[in-house]
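Open the structure in your viewer and keep the selection tool ready.

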Amino acid sequence: MTDKLHIKLTVNGQEEEFLAEPRELLIYTLRERLNITGPHIGCETSHCGACTITMDGKSVKACTVFIGQANGADVTTIEGMGGPDALHPLQSAFKEHHGLQCGYCTPGMITRAAKLLEENPSPTEEDIRFGMSGNLCRCTGYQNIVKSILAAAAEMNAAKEAAE
Amino acid sequence: MNDMTPDREERKSSLKGMGSSRKRVEDARFTQGKGNYVDDIKLDGMLSGDFVRSPYAHARVVDINTEAALKVPGVLAVLTAKDLEPLGLHWMPTLAGDKQMVLADGKVLFQGQEVAFVIAKDRFAAADGIEAVEVEYEELPVLTDPFEALKSDVVLREDLDPTADGAHGPRKHHNHIFTWEAGEKDATEQVLAEADVVAEEMIYYHRTHPCPLETCGCVASMDKVNGKLTLWGTFQAPHAIRTVVSLISGIEEHNIRVISPDIGGGFGNKVGAYAGYVCSVVASIVTGQPVKWIEDRMDNLMTTAFARDYWMQGKISATKDGKITGLWCHTTADHGGFDACADPTKFPAGFMNICTGSYDIPTAYLAVDGVYTNKAPGGVAYRCSFRVTEAAYFIERMVEVLAIELNMDAAELRRINFIKKDQFPYNSALGWEYDSGDYHTAWDKALKAVNYDDLRKEQSARVAAFQRGETRKLLGIGLTHFTEIVGAGPVKNCDILGLGMFDSCEIRIHPTGSAIARLGTISQGQGHATTFAQILATEIGLPADSITIEEGDTDTAPYGLGTYGSRSTPVAGAATAMAGRKIRAKAQMIAAYLLEVHDDDVEFDVDRFVVKGAPERFKTMKDIAFASYNQAIPGLEPGLEAVSYYDPPNMTYPFGAYICVMELDVDTGEHEIRQFYALDDCGTRINPMIIEGQVHGGLTEALAIAMGQEIAYDEMGNVKTGTLMDFFLPTAWETPHYTTDHTTTPSPHHPIGAKGVGESPNVGGVPAFSNAVHDAFRAFGLRQAHMPHDHWRVWKIANDLGLHG
Amino acid sequence: MIPAPFSYHRPSALTDAIAILSKHGDDARVMAGGHSLIPMMKLRMADIPHLIDLQDIPNLSDISVEGSRVRMGAMVTQAQVIADQGLAHAAPLLKEAALQIADPQVRYMGTVGGNVANGDPANDMPGLMQCLDASFTLVGPNGTRAVNARAFYEAAYMTAREDEEVLTEISFDAHAAGYAYEKQKRKIGDYATAASAVLLSKDGGRCSSASIAMTNLSDTPIFSEAASAALIGTQLDDAAIKQAVTAALGDIDPTEDNRGPVAFKMHVAGVILTRAIQRAWSRA
């Protein structure tokens, strides 16, 4: 039996501390240990992106990170992006523009889209399709996802302008 | 008189009833990460179960040694067929009248087949336990070609008596499953023999897999104190699963509660019962604790129900002017190791006999031979109604081949053969009564929208340029006019394991004017909670926002056959409308009582009943709801509730016209979709926003299937495409922008005229993409090239045609 | 989906990492971004009792451009490569290639060192580094040495790196103006069906230097000396390009897989290389 690691990390603004086996993947830490079930598992070969979270300012597939690598990290999942009292513009836009159907890819999709808009606040459709190419969807055919992200970008830019 | 009464249009639009692009109520939880999928479920003391799987496609299982596995920390038990045998559960019935091993019983028949089930305290221990189980195999010869299988001495199903009939009649060979026929054999052969022109071709629709983003799984929890089993799972047909589990376990149905929570996509993959469900139930009974099984993606692709794998030999005859006179089809259907096809019982080849498509073909014959091979069992209807994708692909390819034979434009050939609007209801030569259609209008609209004539001119110019060496890119125009058949189905001929394929809706109106309705279907992303409330809003005049729709819990939902094959709107949607009308009928009586007039003196007006000729005298549905709880009305029971079990009189027949414009690089085999136009006619349109989303999604699944997605095997039966590295799922980058359009030809027999649409884009999409590839090379002599049209296969078309000279 | 148990180390000094490697031999492996290693471990196709995470080791994530000398620490991510202005200016070939590797999430974690070190013939950076004539710095218990990318790859997953050495830095001289990384793939995120890295210099209308490497067409990346030579001194007319292509095709040895049969790969390799040469020349 291998020694457990002493882990401290921040998830959605909350500090978590626990002992974990080295082979615990971050996706299991989130889903099983911390009951954060927004990020999902859709494959075991790091292709589908359903597990996408933001870690230390990067879009990362949580299924491809061992918990030791995430020690000391700052992690945000869909749950940390907005809720019933205050939705992130992407969460509203996805509903407004039918950017989801079964919802399984949605947490990863929105989490990644948020980071994409930080990288590029005014993306073209092509930028969005390229920037979201690490997140698979089987239901929507992506068209309304692109529409949702464009709408959210417009709203966020307008809000920024208004604030200035 | 109330001057502030909003007018009818305002009242209607505030209901967000049928026709409204109402935003989805499901989205709140999904966009906030608060969905509840099977793997989100955590119960106290829950254990984890997973499978030891066979690396071989065909082998005897000589010995299973679980000693080392049982010593792995956290492993509690390892089940094998020997453990399930006393319970009679080592085999289970399939939906196609066959039986299937739950755990390997003496041999294995496909790579990945379940051999043992390890039960452990968590998934980490289960994963370690699996590695420690030692299985001794003795390899047997592998059959991966269905034509070879029908000639081979190698016996796959040693459990079947080769001399006895199968579930669907006599078997011709030990690896043969069934023969199913429709139409007129002799008459068709006669027509073909006498025809001016006959085009013959083998059309192969390759094996693929529905691959929803969420894999299959379940949590089984046997409550030994109360004797009740609760089973959460990825079930597209929860009631059917409950009945099946009851039949095979001996636990009475009232002591079984099956719950389909949120499901991350189904597409047909989650209709049938899998070994994982059975083993989890047994494990829970044996350990007395809840047991969770969630499969990996590789498990899903390699062992759960595949789709398609139909070899369709076709002959189509016509006059020299292009009028089709006959159609002949013989299909060899590869079902893998067990026939686990999810079809209505009497249709072992599903609705393949829709293969006369949109065309008025007077004489036709279809024969299907099912075959066992060393591949995963199945197949299922992957975003289609049973075998409809195969049928549509077949006819849309045969029409193209005929066009080549006649040297005719394929759009024109279609037009002169369409069933005419006034021919509906139309009785096809293979036995279906098509409800309604207006193919000419749809076709003309589509051709106009893409400037078809200009495209053909551009294509000719491109061919010339190619021949002059000025370009290495060809242009293909992929045409499809499909007619499909959904909404299974009338109880008299449609049943799943004896359960008639009706569906149901139960509505209860609350005193303060909101409501809850429960259905026998289950959404896996189709938005039922949003759209079925819209049907009711229109039927009963309460706002959709005030109506909760629930599905999926067999303790509370009325019995239904679930959601697949685009049956929810045609069947449950009809039940919903009918139940709504029962509510309205009672509401009418209550209104009349309250208004002190005769029942016939009030009429329904959007959200109220008004006195005929005195519209200032009315009672809203809200008023009526309260009254039903408040008033003692002679002759009426209190409350306002209704239930409808709807047995559809017929299937419904959505149709569409799709056109795909594609560029192909002759040297690399790469493709680029320049334009995709999809016109769908699904009858009455409940929520245009959702319809559009369904079309986008179905077209993308079609793109994947046509352009690269496959479940491929090598000659040893090893799966070559078992991960998402090789199993093609397009990203947003590979997916084009789609233009959607519609016509509306209601179904005459459906209460709201709706036909269903979810699967049309996959049915019509695949031939559109595939025909585009074929069309690009038509000028160079191509007749037929099998899908998928991935880079190397497109390259090979060009290579074989000498275009790399 | 769940790897076998292992011991996890996260040293904060290179010497400690090397010590662990020395202690455990081939039971120990270093991990950069983990996006090659972790998928293999999850499928239990790689069993690594001692995993050494390099992320806390200082000075492995820097990019420096001094004159024409470019140096990148092994832990530099693909995302950093894409974002770095200095690199984009000095060696735009790198950014062009990095944008064609994997997907956005993988690029945030995947490193240049990880991509070049493990000898996976499908990776994009090895051939690229051979084209750039890069040098890999290896640090081990016996000191530091440099191995040229062109001499580094021996066979699939077999490189010149000793088990106890750590690849810490990649460096090269950036001169050539004409560049192109051309990659055919089945979809975004896939490895190459065929890929080609080309660097060209033009002097007085003629090719004064050429460097051509091919990816995922053999069990190692292939730097084609002959193909490079075929272009030098020419004006890159069709005949010269055809010669270069013929030479490159003679140096590769693709195998059949799900991407296609050998004949297809050979043909596509030629097409990809031709396009890369033409594009590089247009920029030279």
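Helices (H or I, at least four residues) and strands (E, at least two) are DSSP runs, numbered from the N terminus. This is a predicted model: local features need pLDDT of at least 70, side-chain atom pairs count only at pLDDT 80 or more, and totals for chains, interfaces and linings use all residues. Residues are numbered from 1 along each chain as its sequence is written, while chains are lettered from A and ligands numbered from 1 in the order in which they are written.

**Stop one: chain C**

Select helix 1 of chain C, residues 14–24.

Now colour C:A17, C:I18 and C:L21, the buried residues of the helix (buried: 20 or more other C-beta atoms within 10 Å of its own; exposed: 12 or fewer; partly exposed: in between; C-beta atoms are placed from the backbone). They cover an arc of only 95° around the axis, so they sit on the same side of helix 1 of chain C. The arc is taken from the directions from the helix axis to the C-beta atoms. An α-helix has 3.6 residues a turn, so residues three or four places apart point the same way.

Turn to the face away from the buried side: exposed C:T15 and C:K23 are there.

**Stop two: chain B**

Select helix 18 (688–707) and helix 19 (760–778) of chain B. They pack at an angle of about 40°, with axes 7 Å apart. That makes helix 18 of chain B oblique to helix 19 of chain B (under 35 degrees is roughly parallel, over 145 roughly antiparallel, 65 to 115 roughly perpendicular, the rest oblique).

Conventions:
Axes fitted to C-alpha atoms, helices over the stretch in contact; angles between N-to-C directions.
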